[in-house]
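Visitor: I am new to this structure and would like to learn how to read it. Could you show it to me and walk me through a few features?

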Amino acid sequence: MKITVVGRKCTPRDSFKDRAEKRLKKVEKFFGGEAEAKVTATVEKNEQTVEVTIFHDGMIFRSQERAENMNDALDKCADSLVRQIRKNKTKVGKKLRQAAFDEYEAIDDFEPEDNYNIVRSKEIVLKPQSVEEAILQMNLLDHRFYVFLDSASYKVCVVYARNDGGYGVIIPEVD
């Protein structure tokens, strides 16, 4: 697995990079050597945030954790990724190395969710609008995300409110 460690508002030490490689070995078992991982460490006032994103065969796995210590946040991220993959193993198992799950079968303490309980379905009208108009509409509706047709590219996009107070845009790309 190719691991890239970057820092925002900080420069991660070599010991953190080594720990990231060691902790992500747990996750690497599921992917083999073909996956790429990006570890982003951010230092804020009272806490530190670590975000781990893994790209493999068109699939993305992501975890973000906060802690007082960067190493603790990294440990939580690695554990969270393993839980995500194990929980969804029946759905993603075909794209991942099936043998990697054997080690975790004995300690599986949850039932996989085979049937999702969809409680509401909603149809929306997509009209062309700019990103700024979509954000305004999302805020007027008091939603956390908003689906719209981008007037510049005519792609179906999503704007969303981030936890840090900013906004994000998801723009689809055909693989």
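This is a predicted model: local features need pLDDT of at least 70, side-chain atom pairs count only at pLDDT 80 or more; totals for chains, interfaces and linings use all residues.

Visitor: How many bridges join β5 to β6?

Guide: There are 2 bridges, and β5 runs parallel to β6, which covers residues 145-150.

Visitor: Now the helices. How should I describe two that pack together?

Guide: Two packed helices are described by the angle between their axes and the distance between those axes. Here, α1 (residues 14-31) packs with α2 (residues 70-87) at an angle of about 5°, and their axes are 10 Å apart. Such an angle makes α1 roughly parallel to α2, because angles under 35 degrees count that way.

Visitor: Which residues in α1 meet α2?

Guide: On the α1 side they include Phe-16, Ala-20, Val-27 and Phe-30, and among those they meet in α2 are Leu-74, Ala-78, Val-82 and Ile-85. Sorted by class, this contact of α1 with α2 has 11 nonpolar, 1 polar and 6 charged residues.

Visitor: And how do I find empty space?

Guide: Rolling a probe the size of a water molecule over the atoms shows where empty space is left. In this model, the largest pocket holds about 560 Å³ of space. Its lining has 15 residues, and the closest to the pocket centre are Glu-51, Arg-62, Gln-64, Tyr-160 and Arg-162.

Visitor: Which element supplies the largest share of that lining?

Guide: That is β4, with 3 residues. Strands β2 (36-43), β3 (48-56), β4 (59-67) and β8 each supply at least two. By class, the lining of the largest pocket divides into 3 nonpolar, 5 polar and 7 charged residues.

Visitor: What lines the second largest pocket?

Guide: This pocket, with about 290 Å³ of space, is lined by residues including Lys-122, Gln-137, Leu-141 and Tyr-146. Strand β6 gives the most to this lining, 3 residues. The lining of the second largest pocket divides into 6 nonpolar, 2 polar and 1 charged.

Methods: Residues are numbered from 1 along each chain as its sequence is written. Side-chain values use heavy atoms; hydrogens and water are left out. Two strands pair if DSSP finds at least two bridges between them. Helices (H or I, at least four residues) and strands (E, at least two) are DSSP runs, numbered from the N terminus. Axes are lines fitted to C-alpha atoms, for helices over the stretch in contact, and angles run from 0 to 180 degrees between N-to-C directions. Angles under 35 degrees count as roughly parallel, over 145 as roughly antiparallel, 65 to 115 as roughly perpendicular and the rest as oblique. Contact means heavy atoms within 4.5 Å. Ala, Val, Leu, Ile, Met, Phe, Trp, Tyr, Cys and Pro count as nonpolar, Asp, Glu, Lys and Arg as charged, and the others, Gly among them, as polar. On a 1 Å grid over the protein atoms alone, a cavity is a set of points where a 1.4 Å probe fits but cannot get out, and a pocket is an open set with protein on both sides within 12 Å along at least five of seven lines; lining residues have an atom within 4 Å of a point. Grid points are joined across faces, edges and corners, and a volume is the space filled by probe spheres set on the points.
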